[in-house]
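Open your viewer and get ready to select side chains. We will walk from stop to stop, and at each one you will learn what to click and what is there.

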Amino acid sequence: MFSSTPFVLCFALFLSLPLLFVFGPQILPPTRFSDDLADLALFRKAIRASSAARTRSTLSRLGTATNPKPKIAFLFLTNSDLSFAPLWEKFFHGNRHLYNIYVHADPSVKITPPGGVFQGRFITHAKKTERASPALISAVRRLLATALLDDPLNSYFALLSQHCVPLHSFRFVYKFLFRNTLRLTTMKETLSSPPVPTYQSFIEILSDEPTLVDRYNARGEDVMLPEVPFEQFRVGSQFFTLTRKHALLVLRDSKLWRKFRLPCLNVDTCYPEEHYFPTLLSMEDPGGCTHYTLTRVNWTASFDGHPHLYTPEEVSAELLYKLRESNSSYSYLFARKFTPDCLLPLMEIADDVVFRD
């Protein structure tokens, strides 16, 4: 009798497994895995909607001369109040038909929605974010998916933070983005048809960063293999401006995401949001990226992984002009990182400096 007890227990356990799969999700508390399933559903919905919108757009162009202007989706990633909302209000004023706004606010932090152009623009499926974790990547993917679903005219997706400020007028930013096209052709296309213009993504992609090896091994040696060889690992700025094509590429990716979502063993060199996007786009479409960002950051006085934080005493017309300068022929369009009390001096020079191009 006693000898059959282990067999009975094993048999009972075997029979209980189907019940666990059926009733487990209703009994057990929510996990990160269930959150990922919700994100995946959102991403798939955005991908399907974008494909349908592209088909409708093609049919529309064939049947009518109407061609609505493309829009810029401004994606704000924040874990505190949007202190510079009044400055952004002035930036957006009079251009409602050319932009959309989406805000991912950390639900674990009490944040006061500023109203105005930000009214109703806080996405409802936001989740907690934290440094040195893939949570920031997930937040950006949610913002991209929401923007893709919301408006098929969204053609550029500019990621910003609550510490970012504009360095030019909206009209300057819009004209800059949509006049900078790159004609990508193959020999076959050149012979058979005219080249098709396509926009480039403005994202920093670096392969010679001094801490590249440490960043690559932050999750453990050889953990990124075989999907991400060291030779293809890249780093760059957390903030960028992506084309619609690349926004969809980010949502479709699962191969690299499986690696970059792994927990960091060395948090001092692990900044997934600075690694995932540059690596993915460098591997998939390096020619479709400028390899530089449009957001100016001062790393000369960085502390604990954070860039220099500008204070009210530093805000001046000379600072704004300096922040616009770059090593290329283009001008920086945004800058960070500013303390909330910089709002007043920035508003004082907004009309005569910030938005006078």
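**Stop one: a pair of charges**

Select Glu 227 and Lys 259: their side chains meet in a salt bridge, 3.5 Å from N to O. Glu 227 sits in the loop between α7 (212–216) and β8 (241–243), while Lys 259 belongs to helix α9 (residues 255–260), so the pair ties together parts that are 32 residues apart in sequence. A salt bridge here is a side-chain nitrogen of Lys or Arg within 4 Å of a carboxyl oxygen of Asp or Glu. Helices (H or I, at least four residues) and strands (E, at least two) are DSSP runs, numbered from the N terminus. Side chains of opposite charge can pair when their charged atoms come close.

Before moving on, note that this is a predicted model: local features need pLDDT of at least 70, side-chain atom pairs count only at pLDDT 80 or more, and totals for chains, interfaces and linings use all residues. Residues are numbered from 1 along each chain as its sequence is written, and side-chain values use heavy atoms, with hydrogens and water left out.

Is Lys 259 buried or exposed? Lys 259 is buried, with a relative accessible area of 14%. Buried means under 20% relative accessible area, exposed over 50%, and partly exposed in between (1.4 Å probe, protein chains only).

The whole structure has twelve salt bridges. Select Lys 322 and Glu 325, a pair whose closest N and O atoms are 3.6 Å apart in a salt bridge. Lys 322 is partly exposed at 48% relative accessibility, and Glu 325 is partly exposed at 44%. You will find Glu 325 in the loop between α11 (317–324) and β11 (334–336).

Next, click Asp 352 and Arg 356, which form a salt bridge with their closest N and O atoms 3.7 Å apart. Asp 352 is exposed at 51% relative accessibility, and Arg 356 is exposed at 53%. Then show Asp 39, Lys 127 and Arg 142 together, as salt bridges link them in a network.

**Stop three: the cysteines**

How many disulfides does the structure hold? It holds one. Select Cys 264 and Cys 270, which form a disulfide (a pair of cysteine sulfur atoms within 2.5 Å). Their sulfur atoms are 2.0 Å apart. The torsion about the S-S bond of Cys 264 and Cys 270 is about -45°, so this disulfide is left-handed. Both Cys 264 and Cys 270 are buried.
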